[in-house]
Amino acid sequence: MNKTKALAFSGLFTALAVVCLILADTLLIKSSGFCFILAAFLCGYTAELCRMPFGAGSVAAAFLLGIIISPFKLHCLTFLGLAVFTLICQYLLQRSRTDKPVSKAAAIVITMLSWNVFLAAAVALYTLLVGNIWELTAGTVFENLPFPLLTVLALIVLEALGPVISIAYGQFTNFINRYIKYRRS
């Protein structure tokens, strides 16, 4: 793909990612996570279609535009973490198609380590910028659970999300690639 076409596709997917970021703040709170993940997947797919520098540029542009446009600026940090995680998944996916792929065990370790770094950064930034993270349970079923049990449940759910998002991204790229091939034929 030539650079002009790659830049056009990169701009298109970046614009769609920014729309998803704005929708995340506009729609109900239950839909915001889906919108963040979709925006990250779109930026990751830019790296699939146009190469990694365009994907990184798409993430940076969507993050900066989200900071400017989005009413809730902290949500852009969530998107940034998910988008960087998606780019790591995309890099591993691209490497699996080469002559010297990353082994499955190394890919799983890299994916889990990057997901844990993202989670640690998210908890630290939330605590630093907003306050006690356990206040998020106020008014929910989890409010009356003992702190150790709540911590264990949160860790199990959050740790399970990393592989699920990684697998979902692989399925997303396969679906879009099949759709593009179908439309070309």
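In this predicted model, S10 is buried, with a relative accessible area of 7%, which is under the limit of 20% that defines a buried residue. S10 is found in helix 1, and, when its neighbours within four places in sequence are left aside, S10 is in contact with T46, C50, F54 and S58.

The surroundings of F79 can be described in more detail: with residues up to four places away in sequence not counted, F79 touches L21, F36, A39, A40, C43, V59, A62 and F63.

Aromatic rings were examined next. Seven aromatic pairs are counted in the model. One of them is formed by F41 and F172, a tilted pair with 5.4 Å centre to centre and 45° between the planes. F41 lies in helix 2 and F172 in helix 6, so this pair ties together parts of the chain that are 131 residues apart in sequence.

Turning to pockets, the largest pocket has a volume of about 1800 Å³. This pocket is lined by 43 residues, of which T78, A122, I133, L136 and L158 are the closest to its centre. Two or more lining residues are given by each of helix 2, helix 4, helix 5 and helix 6, and the greatest contribution to the lining, eleven residues, comes from helix 5. By class, the lining of the largest pocket divides into 33 nonpolar residues, nine polar residues and one charged residue.

The second largest pocket has a volume of about 520 Å³. Its lining consists of 20 residues, and those that lie nearest the centre of this pocket are L92, L93, K104, A107 and S166. The elements that give two or more residues to the lining of the second largest pocket are helix 4, helix 5 and helix 6, with helix 6 giving the most, namely eight residues. Here the lining is made up of eleven nonpolar residues, eight polar residues and one charged residue.

Several single residues complete the description. R51 is found in the loop between helix 2 and helix 3, and the phi angle of R51 is near 95°, a positive value in a residue other than glycine. With a relative accessibility of 65%, R51 counts as exposed, because the limit for an exposed residue is over 50%. L64, which lies in helix 3, also counts as exposed, at 52% relative accessibility. The C-alpha atoms of L64 and A138 are separated by 31 Å, and these two residues are 74 residues apart along the chain.

Two residues of helix 6 were likewise considered. I176 has its place in helix 6 and counts as buried at 19% relative accessibility, a value that falls under the limit of 20%. In sequence, I176 and L42 are 134 residues apart, whereas in space the distance between them, C-alpha to C-alpha, is 10 Å. T151 also lies in helix 6, but T151 counts as partly exposed, at 24% relative accessibility. For T151 and T26, which are 125 residues apart in sequence, the distance in space is 30 Å, C-alpha to C-alpha.

Note on methods. Residues numbered from 1 in each chain as written. Predicted model: local features only at pLDDT ≥ 70, side-chain atom pairs only at ≥ 80, totals over all residues. Heavy atoms only, no water. Contact = heavy atoms within 4.5 Å. Helix = DSSP H or I, 4+ residues; strand = E, 2+ residues; numbered from the N terminus. Buried < 20%, exposed > 50% of the residue type's maximum accessible area, 1.4 Å probe, protein only. 1 Å grid on protein atoms, 1.4 Å probe; cavity = no way out; pocket = protein on both sides within 12 Å on 5 of 7 lines; lining within 4 Å. Points joined across faces, edges and corners; volume = space filled by probe spheres on them. Nonpolar A, V, L, I, M, F, W, Y, C, P; charged D, E, K, R; others polar. Phe/Tyr/Trp six-rings, centres within 6.5 Å; stacked < 30°, edge-to-face > 60°.
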